[in-house]
Amino acid sequence: MKQFAPFYLLLFALLLAGCIRPSATSESAKTSGPKPILVKTVAAVQTEIARTTRQPATVHPFFETQVRPRVSGYVSDVSADIGDVVKAGDVLAKVDVPELDRQRETLVAQIDLLIAEEKGADAGVKLAEAAVLSARAKFEQAKSQQASVEASLAAAEAEFRRTEDLVSRGSLQSRVLDEVRKKRDSELASREAVLSAVTASEAEVGVATAEQAAAEARFEMSRSKTDVARRQLDELQVQLDFASVAAPFDGIVTQRHVNLGDLMEGGGGDNAKPLFVLSKVDRVRVQIPVPEGDAPFVRIGDAIRLTFPSFASESPIEATVTRRSGSLDPSTRTMTVEAEIENANGRLLPGMFGQATIELEAKVAATSLPSRAVRFDESGRAYVYLLDDEDRVTLADVTIGTDTGSDLEILSGIEAGDVVIGPHLKRFTQGQQVKPL
């Protein structure tokens, strides 16, 4: 029996060890728990970003006008239709206005009559000028006769005094003195007649001059009447020119609302029926409503990237801010921003809708994260899985700002330097332990 004692002792020891080992393994499993999930992390960083705003954009023609009639009448010709490319001054339609044509014929006849009267008045002026010249010639002739008579009278007076002196001395008979006196008296009478002729000639000059002035006045009045009639004809011709409806600028006819024989109501007011709608589309305006929060930062010259669903496979159209309205629409609280784009190929059609991204001049320092590090729940709430010093998860709500495409601006919720879980398919819970890679 003694030789089997060591064998039994060894067997007992093995049995005892087998009973103890499972208990130790079970206890270790209870204390270790599930292994932490391996995750990639990213840190929020402070970066300088250019502020952008993405808004809807609408294409408008550079110019657009409703062509309306200025005269009333029936449409006698339509020479333009939808899609026609026209030049400034091209006739689009004609309106028949026979009453204006008759008025024009009457005015032309009146002008012819007034021109004839004007010629008669001009002839009267020339006749009056000739009468003035004749009267002045007579006056000058009478003045010459007056000088001659004055000289003869002076000679006769001298001869009478000399003869009177000789008669008083007895050198001559008194009969001779009588003859000399008669001669002197005759010269005196001639002088009186010539003075009367001078006065009459001077009066004739005055009358002729007055008649000339009256003739010139009649001529001026006749010419004024002719000018008035011509101006009336010009005014009527302007109205007749309106009977030919012409394009005000180069463009394309986008609408037509007239048919041959239609009755047009003239006047050109808003109540008048438009004949055509003409658009200038070789250069277009793209209008962008910018919300109040971004409007103060938009400046002329800011870069714009335009995309349109019709050209989804093409690169964005590059443009710049051409003008800004400078005020907000009270109903929408937006400011209209406009960009001009060359459109010689006509691809951009008025009314086309797209998206515009405006690069604002303002650059701001902002906290940002990669876009895939930010999650969104069913209601659209943005949040991140923030890690503390012990690598435990905290669900942190964040406010999103500018989206650059690859990064998101974080306005609130975390700060620069905070570590969050990066892209991961698994959802995490509050306080969950993870292990960063």
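**Reading strands and salt bridges**

User: Which order do the strands take in the open sheet of four strands?

Analyst: The order is S7-S6-S4-S9, and the pairing is antiparallel. Strand S7 (244-246) and strand S9 (263-264) are the edges, each pairing on one side only. Two strands count as paired if DSSP finds at least two bridges between them; strands (E, at least two residues) and helices (H or I, at least four) are DSSP runs, numbered from the N terminus. Keep in mind that this is a predicted model: local features need pLDDT of at least 70, side-chain atom pairs count only at pLDDT 80 or more, and totals for chains, interfaces and linings use all residues. Residues are numbered from 1 along each chain as its sequence is written, and side-chain values use heavy atoms, with hydrogens and water left out.

User: How many salt bridges are there?

Analyst: Side chains of opposite charge can pair when their charged atoms come close. The rule asks for a side-chain nitrogen of Lys or Arg within 4 Å of a carboxyl oxygen of Asp or Glu, and the count comes to 17.

User: Which strands hold Glu-338 and Arg-285?

Analyst: Their side chains meet in a salt bridge at 2.8 Å, N to O. Glu-338 is in strand S14 and Arg-285 in strand S10, so the pair ties together parts 53 residues apart in sequence. Salt bridges with shared partners join Arg-283, Arg-285, Arg-323, Glu-338, Glu-340 and Glu-342 into one network.
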